[in-house]
Structure formats: structure tokens, C-alpha cells
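Please read each point with the structure open beside you.

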Amino acid sequence: MVPNETRVNKVTAEVSEAISLIGNQFAIQGEYVEGHEIESGHINTTYMATYESPDGVRYRYILQRINQNVFKNPLAVMRNVECVTRHINWKVLRVKKDLGGQTLNLYPGRGGRFWVEGPNGGIWRCYNCIEGCQTYDVVENTRQAYQAARAFGSFQDLVSDLPASELEETIPGFHDTPQRFQRLMQVADEDPLGRLESVRSEFEFIQSREGITGVLLKLHQEGKIPERVTHNDTKINNVMIDTETDAAVCVIDLDTVMPGLSLYDFGDLVRSAVSPAEEDERDLSKVQMRMPIYEALVEGYLDAAGDFLNDMEVDHLAFSGKLITLEIGIRFLTDYLEGDVYFKTQREQHNLDRARTQLTLVARIEEQEEAMVKFAQKVRRGRK
Ligand code: GN1
Ligand code: MG
């Protein structure tokens, strides 16, 4: 994989001081040494804080402020994360005794909860830092794809006995693709910044695919695919990979864990792994659907989750990749038309660049969709 080299940034003395003020509110040992900013994801603000214990050993912690523009009820997010991390830790220790990897843990804060309020407001939580690992934005080979998919399949397995009713729907309609489509139509109608004309072809590409947006929700309504506890943000850089062995160690970013459809989780893996291009690549000729990577994703996911996914789910693995790629393309384009109010951006037209890679990938998947469907069915037959 190509490591995301820009993940850890230096911070000013002022920010470092602010990090220590937050960190010192959590039950972590030692004295604050330094802080760094982590460029992770498009949503939350994330820092790494290093503490030194009295015997001179340094420990690192992840401090994260929940983006309340995105998560309107941050305490519900925290309740979900607490529930899931507790369940996974229990299950890894008591049921899957062989896993033995690192898991995500929350540290208690002042006030007895797993979050504290920052000096300038906001809800912060503190996680352990998964050591010896890295996240990656682009998959380089099939081994890595297999590992990542197996990790998300195992995650699905780990939470399979957690009742969905324990979790709150923190972002209603998060993977309601028809609703995402309607929202784009509405924003295009209003066209607040007059950007629609410049994205006419992207917009029409999406419009012509309205018919597929409701396929998975309909299968669910018809009782053909079940609701499960799902991760909902299974992009490839949400798996911690062991720097030395390339083994997937731990799935991170549990903010969107909610009741949902497994296929959206598998689909997001396809979206984020099959192309050798970054999500915001401007040279669209680099956006490709690499069949061997897709095949490794199917093998890895089914090795971990194949025993409980039903035939209908397996039949739609390829489709799910196309659908969520379209969905994220819709969301990036909507945000571009609205003036970049949701996803963090680093440059002009950033969301438009992102939308374009997604829509190009949809087209690349369509070209090979039939073979992709057949492959998943073949693997399913082989497992029976
Ligand atoms: C956001 O947290 P992060 O940046 O990995 C988004 C996902 C999108 C993703 C696209 C809460 O995820 O839904 O798939 O960007 N998360 C939220 O890269 O909206
Ligand atoms: Mg996320």
C-alpha cells in the first residue's frame, strides 16, 4: 500500500497547550510531552498526545473532537462507540480467544464519562493509539486487500450478536441512497452558488442512474436482506495495518456504527480499495477497477463473514460497490454545489474532484460488473 505520508503534522505551541488541557482531563498516566495533529478523514479533528510515565516510558493517545455539524447528537455517538468497544473487547477476550490483536479502547474522563467538554466547547474523547500500525489510502496488492476485507468481515462477525436495538441511529438515513439522490436534486434546483452549469455532465450521469438507488433498501423491505449492526464507514484507511507484517490489526472510526445493511459496508470497501487512484485524484485516467483486488476483497470478506451472509447478500456484493460509489459521488457533488459545508476541503473544487473520481469509478465498475457478480457467486459455491 502507499502510506498516507501526510498523516501527522506538527502543531503550534498554542495548539500543543490546548491538546494538553484536553488530555489532562482523561485518566491517562504520566506527564504530557507533546502533541501532533493527525489528518484523518474528512470529518473530525484529531490529535495525538504523547505522555511520559514516571519510569520514562512514553505512551501515545488519540484525542478527537466530534464534529457536531455532522453528528448533531454527539453523546449518542459516544453511547454507540462505548457499547461497541465494550462488546468487541469482551468478545475478543472471552469468545475469540485466538484473535489477540489490539482493540480500540476509550479512556474515562473527568466527570466519570468517556468524554469531556473542551475549554472552547465540543465533545472530546480519548482512545488508545494502536501502535506499530499505519493506515493507507491506496491498496497496492491483493494480499493487503484480502487482509483489510477480512478485518471488516471479522468486525461484522464481532458485532453480529450485539442487538441493533442497543444502538442509536446517529445520522438518520445515512445510507439511504434514494434520499441522498433527492437531496442532490433539491440542491441542484436551488443551485445557491451557480455551480450547476459547470457540472452538468456529472449531474446527468447521476440522474440517469436514479433507477438503481433504491435497490438494496427495497431488498431489505422485502425481507430478503437483514438489518445488522454495521460499521458504515468501511473505507480502506479505517483499518490499522501492521507496519511490519501487513496484517490487519484493528478496525477504527466507529462513529457511524449503527443498524444498517452489510452490503453498504462491503460496497465501501470496494469503492475505496479497487482503484489505484486517491479519492481526490485529478487525473481520471488513473481511476480503475482492478479485478484482482476486487476478488481478494470478496475472498477476505467471505472468509470472515461468509457463514452468516445470505445468498442474496453475496449476489449483490458487486452491485453494492457500484451503489455506494454512486452514493458518495452524489454526496461530494451535493457538497460542492452547496459550497463545501460538510466535508473538510483543502483546495478549490476539492469536493468536485472527489465527486469525479467516484463517478468515473462507477463507470469502470459497470464495465466489469457481470464478471464481478459471477466471481462472488463462484466463491460462494466453493464455500458450500
Ligand atoms: C467521511 O470520517 P471519514 O472522513 O472517513 C464520511 C463517509 C464518507 C467518507 C468519504 C460521517 O468519512 O461517509 O464515505 O468521508 N463520514 C461521514 O471519504 O459523513
Ligand atoms: Mg468517519
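The points below go from the conventions to the domains, the core, a helix pair and some loop residues.

1. This is a predicted model, in which local features need pLDDT of at least 70 and side-chain atom pairs count only at pLDDT 80 or more, while totals for chains, interfaces and linings use all residues. Residues are numbered from 1 along each chain as its sequence is written, chains are lettered from A and ligands numbered from 1 in the order in which they are written, and side-chain values use heavy atoms, with hydrogens and water left out.

2. The chain is divided into domain 1 (8–96 + 105–131) and domain 2 (142–383), with bounds that come from an automatic or database domain assignment. The centres of the two domains, taken over C-alpha atoms, are separated by 27 Å. Contact between them (heavy atoms within 4.5 Å) takes 24 residues from domain 1 and 28 residues from domain 2.

3. A nonpolar core here is a set of buried Ala, Val, Leu, Ile, Met, Phe, Trp, Tyr and Cys residues joined through side-chain atoms within 4.5 Å, where buried means under 20% relative accessible area, exposed over 50% and partly exposed in between (1.4 Å probe, protein chains only). The largest such core has 107 residues, and those touching the most other members are Val84, Leu216, Phe266, Tyr294, Leu297, Val298 and Leu317. Helix H10 (residues 317–338) gives the most to this core, with 12 residues; helices (H or I, at least four residues) and strands (E, at least two) are DSSP runs, numbered from the N terminus. Domain 1 and domain 2 each supply at least three residues to this core. Another core, of 13 residues, lies apart from it and has Ile19, Tyr32, Val116 and Trp124 among its members.

4. How do helix H7 (residues 262–273) and H10 pack? Their axes are 7 Å apart, at an angle of about 75°, where axes are lines fitted to C-alpha atoms, for helices over the stretch in contact, and angles run from 0 to 180 degrees between N-to-C directions. H7 is therefore roughly perpendicular to H10, since angles of 65 to 115 degrees count as such, those under 35 as roughly parallel, those over 145 as roughly antiparallel and the rest as oblique. Among the residues that make the contact are Phe266 and Arg271 of H7 and Leu317 and Ser320 of H10. Leaving aside neighbours within four places in sequence, Phe266 is also in contact with Tyr294, Leu297, Val298 and Tyr301.

5. Val199 lies in the loop between H4 and H5 and is buried, with a relative accessible area of 0%. Not counting residues up to four places away in sequence, Val199 touches Leu333, Tyr336, Leu337 and Leu352. Asp191 lies in that loop between helix H4 (177–190) and helix H5 (200–207), and the phi of Asp191 is near 40°, a positive value in a residue other than glycine.

6. Most residues other than glycine have a negative phi. Asn232, however, has a positive phi of about 75°; Asn232 lies in the loop between strand S10 (228–230) and strand S11 (239–242) and is buried, with a relative accessible area of 5%.
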